[in-house]
Amino acid sequence: MDFATLLTFLVGVITGGLVLGFVYAIIALGYTMVYGVLQLINFAHSEVFVTGAVVGFEVFRVLAPVEMNGYLKLVIALVAAMTISGLLNVVIERLAYRPLRNSPRLVPLITAIGVSLILQDVLRVIEGFQGRFDLTYTLPNGFSAPFCGSESTCAPVGKFLTGIGVSLQLKDVILVVVSLLSLAVLNYIVNRTRLGKAIRAVAQDRVTAGLMGIDANRMISATFLIGGALGGISGVLFGMKFGTINAYSGFIPGVTAFTAAVLGGIGSIPGAVLGGLLLGVLEKLIGVTNVFGEVLGIANLGVIDDSYSKLGAFIALVLILIFKPTGLLGKSNVEKV
């Protein structure tokens, strides 16, 4: 493989990694928002994310025979997933976390793991009653776009993309566009609205915010609602990206997204996005290590294939905790005694 071919190949791999990274980034935002307000790792978020994926699947299944624009079906699926996942997250906070808010931090952490396991089995029972376990996603009929001639390639920009080694599918373009819109809306809510200002005030000092007339419980519920809605969006996108999901599909993406949040700086929204993109690229690069082995003439590297792709996330987690515990964009929190 000559240098030009290798460079083209790398560009394609990095592009695929960035697409995957957007999925991780949207999931990671759910972790980082809740942690930013409560300093709680909501491990049940991975199941909230899968709930969104299941809701999206059911919407696509019900609307499959309906004559309707494919993009409208996608919007309905996203709105339904956002609503159900957001409300589920609020219920989890109200029933499982709020009564334990003044308990030692280990107690709500263990509770979050318990809620995660409960939700896994609830989803499995619900789908099991309908005779399904693995849910297979397909793009709705009617999908087309001015920049994509088919599901497999993007047309008017196809020559340019092919020339630099990029091969995008329509679902990848949709994933990136929806992710960027979600990030833009979240950034507006957090930084430009009264709700966002109140959430940031509660995150900074809950007691003082209460003295200023801010209802901390409502702001915390709003944070869980927004985080759950993001989980619902990422669930639908994940299902479209990988094609198949089930009740246990949230564990690995959830752990990877949590790692992305820690890598970027837990509690930092830009950090979660940066961490997700970096892990997506790292995962894709490790998955093609055998290609680098061929180029470098190191035959033993050929044994490292796609099954090792998640290795990078956990190596990155260990290294970042050792050398920069606050993450790439995180800030140290000094607790006053």
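# A tour from helix α2

Select residues 45-63: this is helix α2, whose 19 residues reach 27 Å from first C-alpha to last, close to the 27 Å expected at 1.5 Å a residue. That expected span is 1.5 Å times one less than the number of residues. Helices are DSSP runs of H or I with at least four residues, strands are runs of E with at least two, and both are numbered from the N terminus.

The model is predicted: local features need pLDDT of at least 70, side-chain atom pairs count only at pLDDT 80 or more, and totals for chains, interfaces and linings use all residues. Residues are numbered from 1 along each chain as its sequence is written, and side-chain values use heavy atoms, leaving out hydrogens and water.

Colour α2 by accessibility. Of its 19 residues, 17 are buried (under 20% relative accessible area; exposed is over 50%, partly exposed in between, with a 1.4 Å probe and protein chains only).

The axes of α2 and α3 come within 8 Å and cross at roughly 145°; axes are lines fitted to C-alpha atoms, for helices over the stretch in contact, with angles from 0 to 180 degrees between N-to-C directions. In α2, the residues that meet α3 include V48, V55 and L63; on the α3 side, L74, A81 and I92 are among them. Contact here means heavy atoms within 4.5 Å.

Now show the aromatic rings. Rings of Phe, Tyr and Trp (its six-membered ring) pair if their centres lie within 6.5 Å; planes under 30 degrees apart are stacked, over 60 edge-to-face, and the rest tilted. The count comes to eight aromatic pairs. Select F49 and F238: their ring centres are 5.3 Å apart and their planes at 80°, so the pair is edge-to-face. F49 lies in α2 and F238 in helix α9 (residues 216-242), so the pair ties together parts 189 residues apart in sequence. F49 is buried at 1% relative accessible area, and F238 is buried at 9%.

Y137 sits in the loop between β1 (135-136) and α5 (158-163).

Finally, colour by pLDDT, the predictor's confidence in each residue from 0 to 100. Residues 145-160 fall below 50. Where pLDDT is low, the predicted coordinates should not be read in detail.
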